[in-house]
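Visitor: Could you take me through this structure step by step? I am new to it.

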Amino acid sequence: MSSAAGWDADTAVDELYAAHYHRLVRLSVLLVRDVGTAEEVVQDSFVAMHGRWRKLREPDNGLAYLRQTVVNRSRSVLRHRGVRERYTPPVVSDQRGVDEDALAEERRRQVLAALRELPGRQREVLALRYYLDLSEAEIAETLGISRGAVKSHASRGAAALRHLLEDAR
Amino acid sequence: MNHTPQRPGEDDQLRRLLHDAVDDVQPVHALGAIRARTTNSSRARRGWLLGAGGAVLATAATVAAVAVLTDPGTSRDPGVAGPGPSAAASPSTDASGIPSDAAPTPSPSPATPPSGTPSQSAPPAAETSTVPVYYVGDTSRGPRLFREFHRLPDDGNAVLTAVTEAVSTTPDDPDYRTDWPSGTEVLAAGVQENDGGRELVVVLRNDTTDLRLAPVGMTPEEAQSSVEQLVYTAQAALQRRAPVQLLLARGTGREQRTDTLLSVPVSEPLAEGDPARTLAQVWIIDPADGARVTSPFEVNGLAAAFEANVLWELRDGDRVVQEGFTTAEECCTMAPYSFEVTAPPGEYTLVVQDSDPSGGEGPEPWQDSKRITVVP
């Protein structure tokens, strides 16, 4: 993405969509769990980025803006939705011969459900760190918090997530 | 990855778990949908730019006007909101039913000194004036605005003084707050004349936080209230419901229009939000929080109460030591109320609320509270 000088807003949307749309939707799914909601959040974020392109100008700025907007909007969707769904440890079938797909599906469900149990910041830090592989500095910038806060959210979040997943086992 | 995992194995495990959880999510292809929406917004923006010969000039005029207003030497410019005699001394309700922001007639107490007598000549530097400042407080119906009166040095620009106070200082009442990110400052504020009449201009700046976006954790309602906080405070300082243009200064300090502040659209001058949906509907104005009073003392406030009924309690901890009710002058719009309280010396919490029309079915009643010390 080095030859990006002179992208206009439309080109920026096309290029960043091609490179990042899927990952951003998946990031949002980690935050809001529901795929349809995540798609809406990310589409809105692209529209917002298009409107800001004159000021962003560089692909890196565009991507940073998208990430921040996706996280912010995911959070505000959750707040809007209001009711936080309670976590219910899944019923694990003891049937023999449960096929692999169903087991994998169940594990995915457990991870997403456990993420939803975490405080918002911890969930966001874990998603940015372990899914997008962002550095502490990048996470701090995306969330507008200190690096020290990133560290503590990451370690608390990781411990809490492990704990929840062990309980579910 | 720049972070240093303490337990690399566990980091990898978490990475694998999160990837497994979402890697097979195949979102619906949406480039077409996004393009359809951005094409519309491009067209809208082009339309604005086409009609923008005037708009560009207007922006240039803004820059000039603001430059003038920031210069203290020219603050007697008639366009500047100064705390002139007329501004400080005419409590009234304007045509829209919005309570005037002139200081009420407070009973003298250390916490709310009465308005100074504005002098006709240019005020000496040490003179102070009482300015209305709005803050955000949580209510049963979400964040709403409350108002305090602050006594501040009079530098001849009441709008700048009041808005600066609103974004950057802690309110007297601990139940209120400002949600503007720390480091937010008001670079300039004032009024400018244009074809449509007077317009208030407020230029914000924050070198560490991007004010265009709501910080993570701020709800859309809080963001909206924070923008209204500036609109109401600026209008109150000017004593006039002029539209408010919010601008953002960045980098070298040159202000510019911004599409959003805290993610709230602000590209156009803003009218104040509907008071019924913006303001808390019960305010105690006097005494202020922390006031020391002698018994009996008078309580003044504004309330848009159901059937104009205003209920009050004087509490000592959880114990109600006095209670009563009164009626506001009008129902259903912010209207003055007052009552007198007699109590032995001590520390109390005064709570004023409206009556609950739903009998407990609906949201909690509106309420405001102040900590008060009755001295012998």
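Visitor: How do strand 16 and strand 17 of chain B pair?
Guide: In this predicted model, strand 16 (residues 346-354) and strand 17 (residues 367-375) of chain B pair in the antiparallel sense, over 8 bridges. Two strands pair if DSSP finds at least two bridges between them. Strands (E, at least two residues) and helices (H or I, at least four) are DSSP runs, numbered from the N terminus.

Visitor: Which residue stands opposite Q353(B)?
Guide: Q367(B), in strand 17 of chain B, stands opposite Q353(B).

Visitor: And what sheet do these strands belong to?
Guide: They are part of an open sheet of 5 strands in chain B, with the order 11-17-16-13-14 and mixed pairing. Its edge strands, each pairing on one side only, are strand 11 (291-294) and strand 14 (319-327) of chain B. From one strand to the next, the twist averages 30 degrees. Angles run from 0 to 180 degrees between N-to-C directions, and axes are lines fitted to C-alpha atoms, for helices over the stretch in contact.

Visitor: What joins strand 13 to strand 14 of chain B?
Guide: Strand 13 (residues 309-316) and strand 14 of chain B run antiparallel and are joined by 8 bridges. L311(B) stands opposite F325(B) in strand 14 of chain B. The two strands form a hairpin with 2 residues between them, and G317(B) in the turn has a positive phi of about 65 degrees.

Visitor: Before we move on, what should I know about the numbering and the limits of the model?
Guide: Residues are numbered from 1 along each chain as its sequence is written, while chains are lettered from A and ligands numbered from 1 in the order in which they are written. Because the model is predicted, local features need pLDDT of at least 70 and side-chain atom pairs count only at pLDDT 80 or more, whereas totals for chains, interfaces and linings use all residues; side-chain values use heavy atoms, with hydrogens and water left out.

Visitor: Now the other sheet: what is the order of the 3 strands?
Guide: That open sheet of chain B has the order 2-1-3, with antiparallel pairing. Strand 1 (residues 128-139) and strand 2 of chain B pair over 12 bridges. In strand 2 of chain B, P153(B) is the bridge partner of T128(B).

Visitor: Which helix lies across strand 1 and strand 2 of chain B?
Guide: Helix 5 (residues 158-168) of chain B does, running at about 35 degrees to strand 1 of chain B. Helix 6 (residues 220-238) of chain B packs on the sheet and touches strand 1, strand 2 and strand 3 of chain B.

Visitor: Changing topic, how many residues does each chain give to the contact?
Guide: Chain A gives 49 residues and chain B gives 46, contact meaning heavy atoms within 4.5 Å. About 4300 Å² is buried between the chains, with carbon and sulfur atoms giving 59%. Buried area is the accessible area (1.4 Å probe) that two parts lose on being put together, summed over both.

Visitor: How many salt bridges are there between chain A and chain B?
Guide: The count is 6, where a salt bridge is a side-chain nitrogen of Lys or Arg within 4 Å of a carboxyl oxygen of Asp or Glu. One such pair is R107(A) and D20(B), at 3.9 Å, N to O. The largest share of the side of chain A that touches chain B, 11 residues, comes from helix 2 of chain A.
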